[in-house]
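Me: I would like to go through this structure by asking what stands behind each label. Please set each value against its definition before you conclude.

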Amino acid sequence: MLEVSGITRIFGGVTALDDVSFTIGQGSVTGVIGPNGAGKTTLFNIITGIYNRTSGSVKLGGKDITGLPPERLARLGMVRTFQNIELFGAMTVLENVMVGLHTKSSSGLLACSLMMPWSIAEERRIREAAMHWLEFTGITGLADDTAGNLSFGKGRLLEIARALAVEPRIILMDEPAAGLNSQETLGLAQLIGKIRGMGITVVLVEHDMELVMDVCDRIVVLNLGKKLAEGTPREIQENAEVIAAYLGDG
Amino acid sequence: MRRELLKFLFFAVLILAAPLVFSGGYLMNVLVFVGINTMLAVALNLLLGYAGQISLGHAGFFGIGAYLSGILTATYGWNAWLAMPLAALVVGTLAGLIGFPILKLKGHYLAMATLGLGIIIYIVFNETVDLTGGPSGLSGIPNLSIGSLVFDNDFKNYYLIWTFGLAVVLFCVNLAGSRVGRALRAVNDSEVAARVMGVNARILKVQVFALSAVISSLAGSLYAHTMTFVSPASFGFNFSVELLTMVVIGGLGSVYGSFLGAALLTLLPELLRGAQDYDIIIYGGLLMSMVMFMPGGLVRGLPELFRRVARRREGAGNA
């Protein structure tokens, strides 16, 4: 499904990522973990087209997507969420999700401005689909609230609803549990289960070990820009190198 | 969507009925300009209020529309109804071509680039004397006409301008509430998230920049045919700033706010005429306090003010 091979990224003289490779299977849930500064978020930004890589390549479903911008990736079925939640703060919750349906609709500037019958019909379809995703994530009641006023937990759910509206094949979540209380984290774990149930491949960068061990099939461990280990949660928990990296000294 | 339509109908009736109250005299002339400025402010608001991209060069697009219409009709004897869309097409293409590289810039840099663009256009108006008549202007531009109906007085021009004005308002209200309008606001709120959702921010910004320029050009053509005379002074940097002020005072991201801003800034200098040389101080003071106390613009600030006054009255009644 997703093949990352030999990704290297050098910022100035600092090697943030050094020859990182791994493969993620269709429909699986994979966690990318590692101590602070391991290069997890940089890796995510490269895969999702936000940063450019120095060398290496990324393939999605066999197609080379290296260096493609995020708007192209959305159309190929890849979407992501952000560590610090990137909502459209001035818009309503429903409108946020409606933006997620951008690639699933096609009315252009003129058709919209002239209120062509097909663009009105499309607008209704967008609204209904958006409501479905609000229901799916359990925030229907907030539809008309301003997104900027949401609590962090609800904002996270909205971000996921909006990402699902793109109808992705793969969703990458950057620290989805950051800032959530234990109750909310539990809900998140269930939601990830539901997403995987739809056949969507999930990749998460996460610090919350309990969540990672709970929901992931496979785990990739990064340390100082290099891949340290890869395996099932059990294998990772028993890996001496991983334990050493987390405890500080090897 | 139905609510938006009702709002528009209410606005349209208000505009179309206004001459019954204010008919005749100098005021009609000012209201014609409110119409032209509304078109310009609404166009700039699409760019600034919705897409979050600044332009300090819009007076230039307005000017090119006016001059192209003026030159084609007065010098080359074209039909005005033919010159107008051609001017709009030329301006739209130009804006698209220029927009593509400069809309890569953000914030202050975009402001500087569009400022430069406006200044270059202004210099061209002044220097190409053979075409534009230079600083002394271009005269003898014919009025618009349909058959035997010639739009040669303020009353007729009011309805001419506002037919276009209302069409522009409806066009932009529709756009704002649509898929494309949402994508614009999304780019304004978080460009990176909008792109992750599949919005091609770059193309969208260029499209809106071009659309905004086309509407400005249309307003320019109408201005030329209404005034029958154009000179560079009307299309300088000052006017670009005035348009920006209309949009901000009226309310960013509100089409009707742009009308309020345009109306206020067009009427105010006329109302302050009695204050003689002090008018500029009153004008400046008003603008400053408005930005300080109504940061959301008139369209959000006025209802809030009414509510506060009503509450105070209620309070006084109880005491």
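Reply: What follows takes up the sheets, the helix packing, the contact between the chains and the record annotation in turn.

Reply: This is a predicted model, in which local features need pLDDT of at least 70 and side-chain atom pairs count only at pLDDT 80 or more, while totals for chains, interfaces and linings use all residues. Residues are numbered from 1 along each chain as its sequence is written, and chains are lettered from A and ligands numbered from 1 in the order in which they are written.

Me: How do you know that E4(A) and E5(A) are paired, and in which sense do they run?

Reply: Strands here are DSSP runs of E with at least two residues, helices are runs of H or I with at least four, and both are numbered from the N terminus. Two strands pair if DSSP finds at least two bridges between them, and two bridges join E4(A), residues 55-60, to E5(A), the two running antiparallel. In this pairing Lys59(A) has Asp64(A) of E5(A) as its bridge partner.

Me: Which other pairings hold that sheet together, and what is its strand order?

Reply: The open sheet has four strands in the order E2-E1-E4-E5 of chain A, with antiparallel pairing. E2(A), residues 14-24, and E5(A), residues 63-64, each have a single partner strand, so one side of each is left without a neighbour in the sheet. E1(A) pairs with E2(A) over seven bridges in the antiparallel sense, with Leu2(A) opposite Ile24(A). Two residues lie between the strands of that hairpin, where Gly12(A) takes a positive phi near 60°. E1(A) also pairs with E4(A), over five bridges and again in the antiparallel sense; there Thr8(A) has Ser55(A) as its bridge partner.

Me: What makes the pairing in the six-stranded sheet mixed, and where does a parallel pair occur?

Reply: The open sheet of six strands runs E6-E7-E8-E3-E9-E10 in chain A, and its pairing is mixed. E6(A) and E10(A), residues 226-231, stand at the edges with a single partner strand each, so one side of each is left without a neighbour in the sheet. Neighbouring strands are turned by 15° against each other on average, direction ignored. A parallel pair is found where four bridges join E3(A), residues 29-33, to E9(A), residues 218-223, and in it Gly31(A) stands opposite Ile219(A). H7(A), residues 182-197, packs on this sheet, touching E3, E7 and E8 of chain A, and its direction makes about 145° with that of E8(A).

Me: Why are H3(A) and H6(A) called roughly parallel?

Reply: Axes are lines fitted to C-alpha atoms, for helices over the stretch in contact, and angles run from 0 to 180 degrees between N-to-C directions. Angles under 35 degrees count as roughly parallel, over 145 as roughly antiparallel, 65 to 115 as roughly perpendicular and the rest as oblique. The axes of H3(A) and H6(A), residues 152-165, come within 7 Å and cross at roughly 30°, and the two helices are therefore roughly parallel. By class, their contact has seven nonpolar, two polar and one charged residues.

Me: What makes H5(A) oblique to H6(A)?

Reply: H5(A) and H6(A) pack at an angle of about 135°, with their axes 9 Å apart, and that angle makes H5(A) oblique to H6(A). Residues are in contact if their C-beta atoms, placed from the backbone, lie within 7 Å; on the H5(A) side, Trp133(A) and Phe136(A) are among the residues that meet H6(A). The contact divides into 10 nonpolar, one polar and no charged residues.

Me: How many residues does each chain bring to the contact between A and B?

Reply: Chain A contributes 30 residues and chain B 23. The chain A side divides into 15 nonpolar, eight polar and seven charged residues, where Ala, Val, Leu, Ile, Met, Phe, Trp, Tyr, Cys and Pro count as nonpolar, Asp, Glu, Lys and Arg as charged, and the others, Gly among them, as polar.

Me: Where does the label "transmembrane region" in chain B come from?

Reply: The label comes from an unreviewed UniProt entry, which lists several spans of chain B, including 33-52 and 243-268; such annotations may be inferred rather than shown by experiment. In the model, residues 33-52 of chain B are 90% helix and 0% strand, with end C-alpha atoms 26 Å apart. Residues 243-268 of chain B are 85% helix and 0% strand, with end C-alpha atoms 14 Å apart.

Terms used
Contact = placed C-beta atoms within 7 Å.
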